[in-house]
Amino acid sequence: MSYEKVEVPEDGEPITLADEETGALDVPETPIIPIIHGDGIGTDVGPAAQKVLDAAAEATGRSIAWMRLYAGASAREKYDENLPDDTVQAIRNHRVAIKGPLTTPVGAGFRSLNVALRQKLDLYANVRPTYHLDGVPSPVTDPGQMDMITFRENTEDVYAGIEWEAETEEVEQVRAFVEDEMGFDEKIHDGPVGIGIKPISEFGSKRLIREAINYAINNDRDTVTLVHKGNIMKFTEGAFRDWGYEVAEEEYGDDVITEDQLWDEHDGEAPEGTVVVNDRIADNMLQQLLTRTGEYEVIATMNLNGDYMSDAAGAQIGGLGIAPGGNFGHGRCLAEPVHGSAPKYAGEDKVNPTAMILSGRIMLEYLGWQDAAALVKDAVEDTISSGTVTYDLHRQIEGGTRVATSEFAERVVERIHELA
Ligand code: NAD
């Protein structure tokens, strides 16, 4: 493995795949882990998270050999390109990596580098846990009720990038095909129009839904909820729901039942240890997240719904500064916070690094370093509970000490040393 556009560390060994079928990894004591700090506030939260993860690894008798990768602004500056092949290859080869946010221009310019990375590596499951940390202010009265994990399909839907700009030859060809050949002649207004395609495949839906069900089984969760807008988009979102129930009925035997089976065969009482798969319409789901928060545990949904829902759920547990995530597929994990690059705060050493730090926790769990992962969560929670917070949380609590991004990370590191 030789790279030109990567900072290869002097020490460390690569993580390898131990079992092709299960995706289990062989993790050395000093694994090489690629990191992209990211654009905008990525330059603040990236290094902060790195320090905390180093401390957690060292406190549990290990270390991390970081491999610095470039994408977005940092890659343009160094190599005059947005996403060097070496960056993608290094993540592919090293299997477990972490990234900060990357900026995507709206309307024109290049397509999302985040989406490109997920697609190139076929990281088909975007996993976003939302749970409340003690001491984090929230706009809802009982934020502790939220303990949910969203599995968002990462490669399809209107995010697939199959779209045509208004007033181009291509879009007029698509319009003519849709109107003349497919018979939708009254559906598209005259005049300039942009058109996008929404592919939802059986393959893409089922592999994502399996991840959600497997997670529920392995983590003692009782329900998996398929979230869709199948009442309107019958052949895409409706099909997602139907394929979800097919997976539940055909692939898991007695371990999983559908909501219909729950009522028809079990009088509404799920047998001990059984996962129940149900479904909710997306708009209703967004209100239920607020009104019946505790009833939802594992969500499986398509790309766009998942994006909206996990931001909304994130707001209930303290906002984007807190919400972590990770992208998974084929025995690989690319951890990344839910938030973007918040350009107006870039380089100010101001924003909250918790989302990036907790994304690191997801990465540590994936490595099988459960003790280090727990230490990260406990240290962050203790630091916030003690009232030491960044500006976003400080303005919502009484008292408390407002600290910079880097100082917050230092306090978390100190707490890791105390707890270890
Ligand atoms: P954003 O998440 O960057 O910021 C929205 C607002 O949330 C900020 O103004 C700030 O008030 C708050 N916020 C975000 N992160 C915070 C943190 N760590 N601490 C405290 N407050 C925080 O969303 P945006 O402004 O819509 O997007 C900016 C850029 O980020 C766009 O180019 C967008 O495409 C990109 N983006 C990237 C990713 C990713 O890399 N995965 C995700 C979302 C958006």
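**View 1. Lining of the largest pocket.** The residues lining the largest pocket divide into 21 nonpolar, 11 polar and 12 charged. Here Ala, Val, Leu, Ile, Met, Phe, Trp, Tyr, Cys and Pro count as nonpolar, Asp, Glu, Lys and Arg as charged, and the others, Gly among them, as polar. The model is predicted: local features need pLDDT of at least 70, side-chain atom pairs count only at pLDDT 80 or more, and totals for chains, interfaces and linings use all residues. Residues are numbered from 1 along each chain as its sequence is written, and side-chain values use heavy atoms, with hydrogens and water left out. The largest pocket has a volume of about 1300 Å³ (the space filled by probe spheres set on grid points, which are joined across faces, edges and corners). On a 1 Å grid over the protein atoms alone, a pocket is an open set of points where a 1.4 Å probe fits, with protein on both sides within 12 Å along at least five of seven lines; lining residues have an atom within 4 Å of a point. Of the 44 lining residues, Phe151, Glu211, Tyr215, Phe328 and Tyr366 lie nearest the centre of the largest pocket. Helix α6 gives the most to this lining, with seven residues. Helices (H or I, at least four residues) and strands (E, at least two) are DSSP runs, numbered from the N terminus.

**View 2. The second largest pocket.** This pocket holds about 960 Å³ of space. Its lining has 34 residues, and Thr104, Pro105, Arg111, Ser112 and Val115 lie nearest its centre. Five lining residues come from α4, which gives the most.

**View 3. Helix α11 against helix α12.** Helices α11 (residues 354-367) and α12 (residues 370-385) pack at an angle of about 160°, with their axes 7 Å apart. Therefore α11 is roughly antiparallel to α12 (angles over 145 degrees). Axes are lines fitted to C-alpha atoms, for helices over the stretch in contact, and angles run from 0 to 180 degrees between N-to-C directions. The contact (heavy atoms within 4.5 Å) includes Ile357, Leu358 and Leu364 in α11, and Val376, Val380 and Ile384 in α12.

**View 4. Helix α1 against helix α11.** The axes of α1 (residues 42-59) and α11 come within 8 Å and cross at roughly 45°. Residues in contact include Val45, Ala49 and Leu53 in α1, and Ile357, Gly360 and Leu364 in α11.

How values were computed. Angles under 35 degrees count as roughly parallel, over 145 as roughly antiparallel, 65 to 115 as roughly perpendicular and the rest as oblique.
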